[in-house]
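Please inspect the sequence and the model before reading on.

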Amino acid sequence: MSETIAARGGEEFVAALRGLSHRYWGTHPFHDRMHAGELTERELRVWAANRWYYQSVLPQKDAAIISNCPEPSVRRAWVDRIVYHDGSGDGGDSGRERWLRLCEAVGLTRDEVLDERHVAPGVRFAVDAYVNFARTRPWVEAVASGLTEMFSGHLMQRRVGDMLAHYDWISRADLAYFTNRIEAVSGEGKSTLDIVVRYCVTRDQQDRAIAALSFKCDVLWSMLDAIERAAKE
């Protein structure tokens, strides 16, 4: 009879999750070129239009998590993410509208973004795989896949500064998605980590959470690979 491997302690588990930071798309060559001011206007348009597809389905991903989650406290907290991206319906701002504003700033029309004519097949495949993961995997694994939030705050801060410095046709107002999201993502990252640590109590559950975060890093990296190829066509 095989021995059961003991669960990691809380600090060890968190360290294993944070240890995937080098897999995050912040180190992708396309992002390096973006921050160095080396992207052309076309490349920025391809990036914005394809990143839109990812942004647009995040509420569906979050709704899938809620639908699979039996914990009322988690569902109540998670629904705020849907409202953040989709808006409350009262005409106020939303993550969706802020991203569309950035798309317009780089020279895209709202219609061509919304009809998804620029979405690369590789981006669509990767993003759809992420949503499918959230729909079909245990809810806590889907939550763990979103722990890329732990790595994103610093990248967003850097992006705002570098884009303002290198792309003079983009204003701070155009970057409202990032400036608004920096504060939100810090709180979300902590609450997501707390949920994963609380509900992943066995070694197997912890291993699956780490694998889920690794999968999400692969999704994001694959997106940028596809964007980089599309921008060269």
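The model is predicted: local features need pLDDT of at least 70 and side-chain atom pairs count only at pLDDT 80 or more, while totals for chains, interfaces and linings use all residues. Residues are numbered from 1 along each chain as its sequence is written, and side-chain values use heavy atoms, with hydrogens and water left out.

**Largest pocket**

A pocket is here an open set of points on a 1 Å grid over the protein atoms alone, where a 1.4 Å probe fits, with protein on both sides within 12 Å along at least five of seven lines; lining residues have an atom within 4 Å of a point. The volume is the space filled by probe spheres set on the points. The largest pocket holds about 220 Å³ of space. It is lined by 14 residues, of which Arg42, Val46, His118, Ala230 and Glu233 are the closest to its centre. Two or more lining residues come from each of α3 (41-68), α7 (121-136) and α11 (203-232), helices being DSSP runs (H or I, at least four residues) numbered from the N terminus. The greatest contribution, 4 residues, is that of α3. By class, the lining comprises 8 nonpolar, 2 polar and 4 charged residues, where Asp, Glu, Lys and Arg count as charged, Ala, Val, Leu, Ile, Met, Phe, Trp, Tyr, Cys and Pro as nonpolar, and the others, Gly among them, as polar.

**Salt bridges**

A salt bridge requires a side-chain nitrogen of Lys or Arg within 4 Å of a carboxyl oxygen of Asp or Glu.

| Pair | N to O distance |
|---|---|
| Arginine 33 and glutamate 43 | 3.0 Å |
| Arginine 45 and glutamate 41 | 4.0 Å |
| Aspartate 162 and arginine 158 | 3.3 Å |

Arginine 33 belongs to helix α2 (residues 29-35) and glutamate 43 to helix α3, so their pairing ties together parts that are 10 residues apart in sequence. For accessibility, buried means under 20% relative accessible area, exposed over 50% and partly exposed in between (1.4 Å probe, protein chains only). Arginine 33 is partly exposed at 25%, whereas glutamate 43 is buried at 9%.

Arginine 45 and glutamate 41 are both in helix α3, 4 residues apart, about one turn of the helix. Arginine 45 is partly exposed at 27%, and glutamate 41 is partly exposed at 42%.

Helix α9 (residues 149-166) contains both aspartate 162 and arginine 158, 4 residues apart, about one turn of the helix. Aspartate 162 is buried at 19%, and arginine 158 is partly exposed at 35%.

Finally, a network of salt bridges links Arg8, Arg203 and Asp207.
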